[in-house]
Amino acid sequence: MRSGTQGNKWRFADLTFNSDRPIQFIIEAVVGGTQGSIAIDDVKVATSLNGSCPPERECTFQGSLCGMQPHPSASFSWDRITGMSQPANSSGPTKDHTLGTEQGYYLSAGLWKHSVGYRGAMISLMEPTPLDGECLMFWYHMEGTGVGELSVYLQTDSQENATKLWTRIGDQGSHWRHGRVTLYNPQSNYQVVFEAIAGDEPMRDIAIDDLIILNGICPPPGFCDFEMDFCRLGKQSPSRV
């Protein structure tokens, strides 16, 4: 489900389903006002070897894991959940970033279930990047001083150790924050790894949502075009004279 404006561009959506009976897809649009338009294009149904949609350049986790898989050497895997699935008093988000509702899905590390220092990781298989690289943008949620650590790595078959591209440790506030890393590996296929390390806060959690890959390197630190968020700019009440 999507509601309201989604921007002046075509957006991708994927849905994973299983059924041993004939099924119907019902695509419904509800009029919301006198302006705007809703359109769809390029609908495709395909079989999958592992029961999940293949990796895509945009993932909201509303329909599937978008081809992401558990890392074979990690202590545990992440789960695709809704805010309603979070346990009571958890520091995890009660609403997803895509829809901003308790029914919206995101990817949760479920750190409250694991001991301090345990590592959970998910990987996405990627094709070689263009010569000028690509930019991976995502939203993450980390609340609580002892929540733990979130890192993004690039791993190739020829590397013994993955390259760390980005990391955050500890409390990042009670709302979704924007992250971005430049991906550069034009020689071969590679993996993007999201890794969460459990901290010492009892009801901790780390989550990610709305992954998208854009052509070209990421903008430099400090750059803001307000396309994604307010870039951490705060609101200030006007002073009285």
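Author: What follows starts with the chain as a whole and then turns to its side chains.

This is a predicted model, where local features need pLDDT of at least 70, side-chain atom pairs count only at pLDDT 80 or more, and totals for chains, interfaces and linings use all residues. Residues are numbered from 1 along each chain as its sequence is written, and side-chain values use heavy atoms, with hydrogens and water left out.

The chain has 11 strands and 0 helices. Both kinds of element are DSSP runs numbered from the N terminus: strands (E) need at least two residues, helices (H or I) at least four. Of the 241 residues, 39% are buried. Buried means under 20% relative accessible area, exposed means over 50%, and partly exposed lies in between (1.4 Å probe, protein chains only).

Now the inside. A nonpolar core is a set of buried Ala, Val, Leu, Ile, Met, Phe, Trp, Tyr and Cys residues joined through side-chain atoms within 4.5 Å. In soluble globular proteins, nonpolar side chains tend to be buried together. The largest core here has 31 residues. W78, L136, F194 and L211 have the most contacts inside it. A contact means heavy atoms within 4.5 Å. Strand β10 gives the most, with 5 residues.

Take F194. Leaving out residues up to four places away in sequence, its partners include W78, L136 and L211. M68, G120, V152 and I208 are also among the residues F194 touches. A second, separate core has 5 residues, including I81, Y106, W139 and W176.

Look at β9 next. It is mostly covered, with 5 of its 7 residues buried. Strands β6 and β9 run antiparallel and are joined by 7 bridges. Two strands pair if DSSP finds at least two bridges between them. E134 stands opposite L183 of β9.

Last, the charged pairs. The structure holds 3 salt bridges. In each, a side-chain nitrogen of Lys or Arg lies within 4 Å of a carboxyl oxygen of Asp or Glu.

One joins K113 and D79, at 3.1 Å from N to O. K113 sits in the loop between β4 and β5, while D79 is in strand β3, so this pair links distant parts of the chain, 34 residues apart. K113 is partly exposed at 48% relative accessibility. D79 is partly exposed too, with 30%.

Another joins E195 and R119, at 3.2 Å from N to O. E195 lies in β10 and R119 in β5, so the pair ties together parts 76 residues apart in sequence. E195 is buried, at 13%. R119 is partly exposed, at 40%.

The remaining pair is E149 and K164, at 3.7 Å from N to O. E149 belongs to β7 and K164 to β8, so the pair ties together parts 15 residues apart in sequence. E149 is buried, at 19%, whereas K164 is partly exposed, at 43%.
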